[in-house]
Every structure is written in structure tokens, then in C-alpha cells.
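Have the sequence to hand as you read.

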Amino acid sequence: AGVARGSVGRMAGHRKGHNIKQQKGAEDAKRSKIFMKLFRDIVSAARTGGAEAGSNPRLGKAIENARAASMPKKNIESAVRVGNSAVDAMATQVFEVTGPGGVAIIVEGSAQDRKQMVPSLRKVLNHFDATVAKEGAVAWMFDRKGLIEVAAGEGGFGGDPEELAIEVEAENVSKDGDTLTLVCTPNDMTKVCANLKKLSL
């Protein structure tokens with residue numbers, strides 16, 4: 001009887017160890033998946049806007065998200081290097097598109113060769129009854145802007161959006177519920193974000 005109890009104890013201990021190992025394996029797989037997504041986000045941001053987080057708001061945000069997820073520093077630096085080394089190989093391609101009802105659309109993507117990108121883009125556009133327009137057909141309708149959305153917080157934002165725009169050096173501020181939307185030039189995004197942080201927003 002004593003031997004039987006000892007055998008059961010060893011089996012239970014083995015089962016517990018197996019469960020812990022299995023659980024740790026699932027957690028590692030989940031973390032790896034998150035890190036892969038964050039790595040791709042950093043590579044994409046560095047590729048399109050450069051490797052300097054100070055002048056590339058998208059990259060700054062991607063790095064901030066990676067740090068919040070406890071992604072190792074060496075992984076973050078590696079992602080920036082990969083994205084920066086791909087800048088010469090990958091060029092930003094801009095397409096002017098006419099959608100259903102004459103809606104004007106700008107499509108922007110990265111590719112080594114514009115000619116390689118056109119067939120894939122046309123295939124997608126055809127599905128939505130849209131076509132690639134001639135150069136200059138719709139671009140004149142657009143201005144490139146930076147867009148920042150900020151949660152107003154528990155107490156909400158009771159100030160004047162116009163005054164806030166002046167204070168943080170944004171072109172415009174609008175409020176929708178608990179969300180503040182700020183518009184600025186792309187080059188001013190880093191400066192506006194820094195001014196918002198000074199106001200604890």
C-alpha cells in the first residue's frame with residue numbers, strides 16, 4: 001500500500017511538471033507572436049519614415065509599443081536597422097485612384113518597382129469598381145496632414161479646442177465625445193505630441 005501511494009505521488013508530480021511546462025510553452029508562443037508583430041511595425045515605420053524616432057512619429061509610437069510589451073532592446077534596435085537598410089531597396093509609391101461615383105482616393109505603398117505593384121493594385125481596385133487615374137487627376141484635392149487622437153481622460157476635456165490648438169501648436173483641434181482629434185503638418189507631429197504630454201493629455 002505504501003508503494004502504491006509513492007507511485008501515485010510521483011505520477012502526480014510528473015503531471016504537474018508537464019502542465020507547467022505546457023503552460024510556459026503557450027505563453028512563450030503568445031509572446032513570440034506579439035514580438036513578431038511589433039518587429040514588423042518598427043521595420044515598416046523605419047522603412048517609410050527613416051530611422052530617427054524624433055523625426056518619425058510613427059516609428060516613435062512603434063518603439064513605445066514595443067517597450068510597453070517588454071520587447072528586448074536588442075530586438076527593437078535590430079528592427080530599426082532592418083527597416084532602415086530597406087529604405088534604398090523599397091521606394092514609396094503613390095497612386096491616384098478614382099473610386100465609385102468619382103470619389104478621389106490616394107493609395108500609398110512601398111515596393112521595389114512601381115511596375116510590379118500596379119497589377120496587384122488594379123486587381124484590388126477592380127473588385128471595388130475603382131481605377132488608377134492619370135497623374136495629377138486627384139492629387140490636387142489632397143494635403144498631407146498629421147492626425148493625432150487623444151483620450152480626454154476620466155474628467156473629460158472642458159477647455160476650448162481652439163485655445164488648445166494654439167497652445168500645442170496644432171492647426172486644428174476637434175472634440176467628439178471623449179476623444180480629441182488634432183490636425184497638424186507631418187513635420188510638427190513630434191512637437192505637438194510633446195506639447196500634449198506637457199499638458200498631461
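Asp-188 and Lys-191 pair up in a salt bridge, with their closest N and O atoms 3.6 Å apart. The term here means a side-chain nitrogen of Lys or Arg within 4 Å of a carboxyl oxygen of Asp or Glu. A word on what we're looking at: this is a predicted model, in which local features need pLDDT of at least 70 and side-chain atom pairs count only at pLDDT 80 or more, while totals for chains, interfaces and linings use all residues. Residues are numbered from 1 along each chain as its sequence is written, and side-chain values use heavy atoms, with hydrogens and water left out.

Back to Lys-191, which also meets Glu-169 in a salt bridge (3.2 Å, N to O). This pair ties together distant parts of the chain, with Glu-169 in the loop between helix 5 and strand 5 and Lys-191 in helix 6, 22 residues apart. Put together, Glu-169, Asp-188 and Lys-191 are linked in a salt-bridge network. Helices and strands are DSSP runs numbered from the N terminus (H or I, at least four residues, for helices; E, at least two, for strands).

Elsewhere, the side chains of Lys-37 and Asp-41 form a salt bridge at 3.1 Å, N to O. These two sit four residues apart in helix 1, so about one helical turn separates them. By the rule above, the count comes to seven salt bridges.

How buried or exposed are these partners? For the table, buried means under 20% relative accessible area, exposed over 50%, and partly exposed in between (1.4 Å probe, protein chains only).

| Residue | Relative accessibility | Class |
|---|---|---|
| Lys-37 | 46% | partly exposed |
| Asp-41 | 29% | partly exposed |
| Glu-169 | 42% | partly exposed |
| Lys-191 | 35% | partly exposed |
| Asp-188 | 23% | partly exposed |

## The nonpolar cores

A nonpolar core is a set of buried Ala, Val, Leu, Ile, Met, Phe, Trp, Tyr and Cys residues joined through side-chain atoms within 4.5 Å. The largest one holds 14 residues, and Ile-42, Leu-59, Ile-63, Ala-66, Met-71 and Ile-76 touch the most other members. Helix 1 (2-49), helix 2 (57-68) and helix 3 (73-85) are the elements that give two or more residues to this core. Of these, helix 1 gives the most, with six residues.

What does Ile-63 touch? Leaving aside residues up to four places away in sequence, Ile-63 touches Ile-42, Ala-53, Ile-76 and Val-80, where contact means heavy atoms within 4.5 Å. A second, separate core has 13 residues, among them Val-173, Leu-182, Val-192 and Leu-196.

Asn-65 belongs to helix 2 and is partly exposed at 34% relative accessibility. Asn-65 and Leu-38 are 27 residues apart in sequence, and their C-alpha atoms are 7.5 Å apart in space.

## The sheet and its helices

Three strands make an open sheet in the order 4-6-5, with antiparallel pairing; two strands pair if DSSP finds at least two bridges between them. Strand 4 (146-151) and strand 5 (172-176) are the edge strands, each pairing on one side only. On average, neighbouring strands of this sheet are turned by 20° against each other, direction ignored.

Strand 5 and strand 6 (residues 179-184) run antiparallel and are joined by five bridges. Ser-174 has Thr-181 as its bridge partner in strand 6, and Asn-172 has Val-183. The hairpin of these strands has two residues between them, and Gly-177 takes a positive phi there, near 65°.

Helix 5 (residues 161-168) packs on the sheet, touching strand 5 and strand 6, and its direction makes about 135° with that of strand 5. Helix 6 (residues 189-198) lies across strand 4 and strand 6, running at about 15° to strand 4. Axes are lines fitted to C-alpha atoms, for helices over the stretch in contact, with angles from 0 to 180 degrees between N-to-C directions.

## Helix 4

Which residues of helix 4 are buried? Met-117, Val-118, Leu-121 and Leu-125 are. After helix 4 comes Asp-129, with a positive phi near 55°.
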